[in-house]
Amino acid sequence: MDESVIPQAIELPPQTVERDLEGEEKAAAALLGSPVTAESRGGEVYRYYNEKGSVQFHSDGTLSAQLEEGAFP
């Protein structure tokens, strides 16, 4: 790589992300296919569930889902 194309200084503006609990609930309902019940599990972990399974969101942005067998043909 040619050194002349590498910037000697770069200014990176800070980025801020806010958690959207309403968006999480909508995403869980879309995945599970119907309204869900929300439950705070502590430690900024939220679980959304119904008869088809559950989706759990963590404050670091990760999520996991458990789906009931036969709930999705």
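Trainee: Which residue in β2 stands opposite E39?

Mentor: E39 has R47 opposite it in β2. This is a predicted model, in which local features need pLDDT of at least 70, side-chain atom pairs count only at pLDDT 80 or more, and totals for chains, interfaces and linings use all residues. Residues are numbered from 1 along each chain as its sequence is written, and side-chain values use heavy atoms, with hydrogens and water left out.

Trainee: What makes β1 and β2 a pair of strands?

Mentor: Two strands pair if DSSP finds at least two bridges between them. Strand β1 (residues 37-42) and strand β2 (residues 45-50) are joined by five bridges and run antiparallel, so they meet that definition. The names come from DSSP runs, numbered from the N terminus: helices are H or I with at least four residues, strands are E with at least two.

Trainee: Why is the contact of R47 with E39 called a salt bridge?

Mentor: The term asks for a side-chain nitrogen of Lys or Arg within 4 Å of a carboxyl oxygen of Asp or Glu. The closest N and O atoms of R47 and E39 are 3.3 Å apart, so the pair qualifies. Side chains of opposite charge can pair when their charged atoms come close.

Trainee: How many salt bridges does the whole structure hold?

Mentor: A search finds five. Among them are R19 with E24, at 2.7 Å from N to O, and R19 with E44, at 3.6 Å from N to O. R19 lies in the segment before α1 and E44 in the loop between β1 and β2, so this pair ties together parts that are 25 residues apart in sequence.

Trainee: What are the accessibility labels of R19, E24 and E44?

Mentor: R19 is partly exposed at 30%, and E44 is partly exposed too, at 45%. E24, in helix α1 (residues 21-32), has a relative accessible area of 10% and is therefore buried.

Trainee: What makes the phi of E44 worth a remark?

Mentor: Most residues other than glycine have a negative phi. E44 is not a glycine, yet its phi is positive, about 60°.

Trainee: Why is the pair of Y48 and F57 called edge-to-face?

Mentor: Rings of Phe, Tyr and Trp (its six-membered ring) pair if their centres lie within 6.5 Å; planes under 30 degrees apart count as stacked, over 60 as edge-to-face and the rest as tilted. The centres of Y48 and F57 are 5.7 Å apart and their planes are at 75°, so the pair is edge-to-face. The structure holds one aromatic pair. Y48 is buried at 2% relative accessible area, and F57 is buried at 12%.

Trainee: What makes S54 a buried residue, and which residue is its bridge partner in β4?

Mentor: S54 has a relative accessible area of 8%, so it is buried. S54 lies in strand β3 (residues 53-57), and its bridge partner in β4 is Q66. β3 and strand β4 (residues 63-67) pair in the antiparallel sense over five bridges. They form a hairpin with five residues between them, and G61 in the turn has a positive phi of about 95°.

Trainee: Where is V36, and is V36 buried or exposed?

Mentor: V36 sits in the loop between α1 and β1. Its relative accessible area is 13%, so V36 is buried. Beyond its neighbours within four places in sequence, V36 contacts E25, A28, A29, Y48, Y49 and N50.

Key. Buried means under 20% relative accessible area, exposed over 50%, partly exposed in between (1.4 Å probe, protein chains only). Contact means heavy atoms within 4.5 Å.
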